[in-house]
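Reader: I am new to this structure. Please show me how to read it, feature by feature.

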Amino acid sequence: MHCVLCAPNQASPAEQQIRDAKSGDVYASILHASVGDPVSTVESMAQAIPAGPDTLRLVIHCADPSPTDDPARLLAGWSPDGWAKFDESLAELDAWANEHGAELLIRPSAAGMLSDAICTMSWASRSADLGCGLLLDPVGWLTGSMIKDAEDHLTRIAELCLGCDKASALLIRSLRTDEAGNPSQASLGSGSLDATMVVDRLRPLIDSIQTLVVLDPADLELL
């Protein structure tokens with residue numbers, strides 16, 4: 001399935017919607033929510049999304065390890081206690097989703113608990129009994145210092161994630177950097193990374209994951 005991540009709908013609690021590129025049907029809604037938010041918060045957002053004929057699929061972010069700039073506290077976010085808290089919160093959200101016939105997709109990022117492919121695959125292995133899946137965003141794992149070696153990093157990411165049973169969808173995109181070198185989201189065809197390189201490096205994942213997501217319909221021609 002080829003899908004497009006669409007612009008925000010101001011009347012919806014969904015930050016963005018992912019729609020089937022052919023039919024226009026909603027594949028998933030991305031919520032202003034993260035692992036660690038109360039179940040009641042996610043439930044309230046989900047209830048405001050119009051019911052559709054298919055499974056309610058919700059994308060939530062993987063959460064910041066600690067809401068602070070203090071390096072010591074930030075590092076503690078990835079401690080055993082930090083992971084235990086993350087796993088407990090996600091298990092509660094997953095149980096709620098199962099009870100209500102919904103499906104959760106967790107979107108990892110360099111700024112969250114699932115901050116790279118290694119820890120994400122480790123989490124996926126120990127969380128096989130949960131019903132939630134992953135919306136993989138390989139370029140989202142690239143920090144400013146990694147961009148110059150993006151080809152090598154994306155090759156490694158594809159190798160690590162290949163065959164992951166939790167990988168329900170794959171976002172294929174590029175990025176732009178500001179004057180400070182901080183990356184932001186960009187479509188495959190308009191970003192600073194070579195589109196052919198990105199597709200070539202991610203080809204193993206593209207060929208193995210059923211649902212592919214892009215930011216711009218024109219990007220589908222680049223796959």
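Reader: Leaving aside its neighbours within four places in sequence, which residues is aspartate 219 in contact with?

Author: Start with the ground rules. This is a predicted model, where local features need pLDDT of at least 70, side-chain atom pairs count only at pLDDT 80 or more, and totals for chains, interfaces and linings use all residues. Residues are numbered from 1 along each chain as its sequence is written, and side-chain values use heavy atoms, with hydrogens and water left out. Contact means heavy atoms within 4.5 Å. By that rule, and leaving aside neighbours within four places in sequence, aspartate 219 is in contact with Ser187, Leu188, Gly189 and Val214. Aspartate 219 is found in the segment after strand S10 (211-214). Helices (H or I, at least four residues) and strands (E, at least two) are DSSP runs, numbered from the N terminus.

Reader: Is aspartate 219 buried or exposed?

Author: First, the scale. Buried means under 20% relative accessible area, exposed over 50%, and partly exposed in between, with a 1.4 Å probe and protein chains only. Aspartate 219 is buried, yet has no salt bridge. The nearest side chain of opposite charge is arginine 176, 9.5 Å away. For charge, Lys and Arg count as positive and Asp and Glu as negative; His and the chain ends are not counted.

Reader: How many salt bridges does the count come to?

Author: Side chains of opposite charge can pair when their charged atoms come close. A salt bridge is a side-chain nitrogen of Lys or Arg within 4 Å of a carboxyl oxygen of Asp or Glu. By this rule the count comes to 8. One of them joins arginine 126 to aspartate 87, with the closest N and O atoms 3.2 Å apart. Arginine 126 lies in helix H4 and aspartate 87 in helix H3 (residues 80-99), so this pair ties together parts that are 39 residues apart in sequence. Arginine 126 is partly exposed, at 39% relative accessibility. Aspartate 87, at 25%, is partly exposed too.

Reader: Which residues are linked in a network of salt bridges?

Author: Arg107, Asp137 and Arg173 are. Other pairs sit along the chain. Lysine 148 bridges to aspartate 149, with the closest N and O atoms 3.0 Å apart. Lysine 148 is exposed at 69% relative accessibility, while aspartate 149 is partly exposed at 32%. In helix H6, aspartate 207 and arginine 203 lie 4 residues apart, about one turn of the helix. Their side chains meet in a salt bridge of 3.4 Å, N to O.

Reader: Which residues of H5 are buried?

Author: Read the length of the helix first. H5 (residues 150-161) has 12 residues and reaches 16 Å from its first C-alpha to its last, close to the 16 Å expected. The expected span is 1.5 Å times one less than the number of residues. Now the burial. Ala150, Leu154, Ile157, Ala158 and Cys161 are buried. Seen down the axis of H5, these buried residues fall within an arc of 100°, so they line one face of the helix. The arc is that of the directions from the helix axis to the C-beta atoms. On the other side of H5, Asp152 and Glu159 are exposed. The buried residues pack against helix H4 (117-126), strand S6 (133-136) and helix H6 (195-208). Just after H5, glycine 163 takes a positive phi of about 85°.

Reader: What do the buried residues of H1 pack against?

Author: They pack against strand S3 (26-34), strand S4 (56-61) and H3. In H1, Val42, Met45 and Ala46 are buried. They too fall within an arc of 100° seen down the axis of H1, so they line one face of the helix. Ser40 and Gln47, on the other side, are exposed. Glutamate 43 also lies in H1 (residues 39-47). Not counting residues up to four places away in sequence, glutamate 43 touches Trp96 and His100.

Reader: How many residues does the largest nonpolar core have?

Author: In soluble globular proteins, nonpolar side chains tend to be buried together. A nonpolar core is a set of buried Ala, Val, Leu, Ile, Met, Phe, Trp, Tyr and Cys residues joined through side-chain atoms within 4.5 Å. The largest here has 56 residues, and those with the most contacts inside it are Ile106, Leu136, Leu193 and Val198. H6 gives the most to this core, with 7 residues. Apart from it lies another core, of 13 residues, among them Ile18, Tyr27, Ala169 and Leu171.
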